[in-house]
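The items are grouped by topic.

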Amino acid sequence: MSTEGDSKATVRDISNDGNLNMAQEVCSRKGFCSIRHGLAFILQLCNFSICTQQMNLSIAIPAMVNNTAAAPSKPNASAEWPSTDSQDYWNETLKQFKAMAPAYEWSPEIQGIILSSLNYGSFLAPIPSGYVAGIFGAKYVVGAGLFISSVLTLFIPLAANAGVALLIVLRIVQGIAQVMVLTGQYSIWVKWAPPLERSQLTTIAGSGSMLGSFIVLLVGGLLSQTIGWPYVFYIFGGIGCACCLLWFPLIYDDPVNHPFISAGEKRYIVCSLAQQDCSPGWSLPIRAMIKSLPLWAILVSYFCEYWLFYTIMAYTPTYISSVLQANLRDSGILSALPFVVGCICIILGGLLADFLLSRKILRLITIRKLFTAIGVLFPSVILVSLPWVRSSHSVTMTFLVLSSAISSFCDSGALVNFLDIAPRYTGFLKGLLQVFAHIAGAISPTVAGFFINQDSEFGWRNVFLLSAAVNISGLAFYLIFGRADVQDWAKEQTVTHL
């Protein structure tokens, strides 16, 4: 807060003598070789780490509840892979590792509760985290959350051995730490993201979640089958700790204070945001927010879209292993395919959204609603169709990949809309939105586990039908009430105290 006056003075100075060359600055500072894009890629790595820590239990839990150790090699295997002393030693080493990985008697209901527990306490943290990050900066809020979550990931195997209760408590605390990362990071874009690059920068950072899902699903099953499921947590927890070493020295909350940014890029960012009130406020127009239908449209959309997201994230490996009868390793590889395609499509969707906006092909609100409609309708239809194509493995995987790819358009639609309507309250609003998202995350896997436990054949159909109904209902509400212009209550001159 001590530098707020200096930052505002810098904005005025740069704006006054930089507007004449604004067009040249815009042209010269576009591209991925910039500090702001470097910031987006660092955030991508942080989101990668957080998502691997969210997903690792989903991919490891089949090994934790069943003895999925690889069966001994068949006699005819020796013709293809001749036995050697080194290979025998390696096989004995793997057996010792796997012997140390216990299996637990957890029912589907207990598994659903454990998977959902990551979100049980999460709805308490987003609003304070977002508010604090908006006022004091996101650097230390995000960094602390990343470090705590990574350290707790390392202790999950010990907690599982101690009992379900301790594991659930650890997951609740870990979920709160992860919320600090997922919520606080958006406060950075208030001062770093030019309006015409907002979609691409946020989607580059957000694509780390999809990339993390891809990697943990790709290698998690392999790790569980070879050296044991505890190493899924040790490896990805260690990666998160390493990311902290990159985060703290390279991230700054404001481009004005960044030691490595060029004068041209600093001028471009500050000039592009000169007409936008980005200064955080201590007081919040709570009454006006409660009455704001555009804000409620985003809140409802968040809840509905994350209902489907958390269901898919938690149960994709289980669906593939149980319905498609894939082993643990193949289940992880197949489960990873939708996420790697989604990672690519998130970035492409952000670039397309900014292209349509910068060329004035579509208005901002049209882009937000169009991308949201595409990202909701098509995946809902595809998922509802899954139970009827389960006999074909290739069609099932194609549908899962298409669903993930198309749903990524929402990241350039309703999921980023809060930056448009109230940039000065970005941190607080992101926290509020995360509350709705995590409430959905606490409910949806539990409901899915209940359906699947009641009827394994028709349970999946009911899960997909319910998810599609929730998602489409949220879309309808957003299409009616969604807006993309800065709301009156978010403008400095109209802010009133609670």
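In this predicted model, H15 is the element that gives the most to the lining of the second largest cavity, with three residues. That cavity has a volume of about 80 Å³. H15 also supplies the largest share of the lining of the largest cavity, nine residues.

**Second largest cavity**

- The residues that line the second largest cavity are Gln54, Ser58, Leu115, Leu118, Asn119, Arg171, Tyr310, Met313, Ala314 and Pro445.
- Two or more lining residues come from each of H3 and H15.
- By residue class, the lining of the second largest cavity divides into six nonpolar, three polar and one charged.
- Leu118, one of the lining residues, lies in the loop between helix H5 (108–116) and helix H6 (126–136).
- Leu118 has a relative accessible area of 5%, so it counts as buried, the cut-off being under 20%.
- Leu118 and Ile176 are 58 residues apart along the chain, and their C-alpha atoms are separated by 8.0 Å.

**Largest cavity**

- The count of cavities of 30 Å³ or more comes to four, and the largest cavity holds about 760 Å³ of space.
- The largest cavity is lined by 39 residues, of which Met210, Tyr306, Phe309, Asp411 and Leu415 are the closest to its centre.
- Its lining is made up of 20 nonpolar, 16 polar and three charged residues.
- At least two lining residues come from each of H3, helix H11 (198–226), helix H15 (293–323), helix H16 (328–358), helix H17 (364–385), helix H18 (393–407) and helix H20 (426–454).
- Tyr306, among the residues closest to the centre of the largest cavity, is 128 residues from Gln434 in sequence and 9.5 Å from Gln434 in space, C-alpha to C-alpha.
- Gln434 lies in helix H20 and is buried, with a relative accessible area of 4%.

**Salt bridges**

- The whole structure contains five salt bridges.
- Arg36 and Glu197 form a salt bridge in which the closest N and O atoms are 2.6 Å apart.
- This pair links distant parts of the chain, with Arg36 in helix H3 and Glu197 in the loop between H10 and H11, 161 residues apart.
- Both Arg36 and Glu197 are buried.
- Asp420 and Arg198 meet through their side chains in a salt bridge, at 3.3 Å from N to O.
- Asp420 is in helix H19 (residues 418–421) and Arg198 is in helix H11, so this pair ties together parts that are 222 residues apart in sequence.
- Asp420 is buried at 4% relative accessible area, and Arg198 counts as buried at 7% relative accessibility.
- Asp420 also forms a salt bridge with Arg368, where the closest N and O atoms are 2.7 Å apart.
- The Asp420 and Arg368 pair links helix H19 to helix H17, across 52 residues.
- Arg368 has 2% relative accessibility and therefore counts as buried.

**Contact between Val190 and Pro423**

- Val190 has its place in helix H10 (residues 186–192) and is buried, with a relative accessible area of 8%.
- The C-alpha atoms of Val190 and Pro423 are separated by 6.3 Å, although the two residues are 233 residues apart along the chain.

**Surface and backbone**

- Leu45, Leu246, Leu250 and Phe260 make a nonpolar surface patch of about 330 Å².
- Leu45 lies in helix H3 (residues 35–65).
- Leu45 counts as partly exposed because its relative accessibility is 31%, between the cut-offs of 20% and 50%.
- Lys360 has a phi near 60 degrees, a positive value in a residue other than glycine.
- Most residues other than glycine have a negative phi.
- Lys360 lies in the loop between H16 and H17.
- With a relative accessible area of 74%, Lys360 is exposed.

Technical notes. Residues numbered from 1 in each chain as written. Predicted model: local features only at pLDDT ≥ 70, side-chain atom pairs only at ≥ 80, totals over all residues. Heavy atoms only, no water. Patch = residues over 30% accessible without salt bridge, like charges linked within 9 Å, V, L, I, M, F, W, Y side chains within 5 Å. Areas by Shrake-Rupley, 256 points an atom, 1.4 Å probe, with all protein chains shown as cover. Salt bridge = Lys/Arg side-chain N within 4 Å of Asp/Glu carboxyl O. Helix = DSSP H or I, 4+ residues; strand = E, 2+ residues; numbered from the N terminus. Buried < 20%, exposed > 50% of the residue type's maximum accessible area, 1.4 Å probe, protein only. 1 Å grid on protein atoms, 1.4 Å probe; cavity = no way out; pocket = protein on both sides within 12 Å on 5 of 7 lines; lining within 4 Å. Points joined across faces, edges and corners; volume = space filled by probe spheres on them. Nonpolar A, V, L, I, M, F, W, Y, C, P; charged D, E, K, R; others polar.
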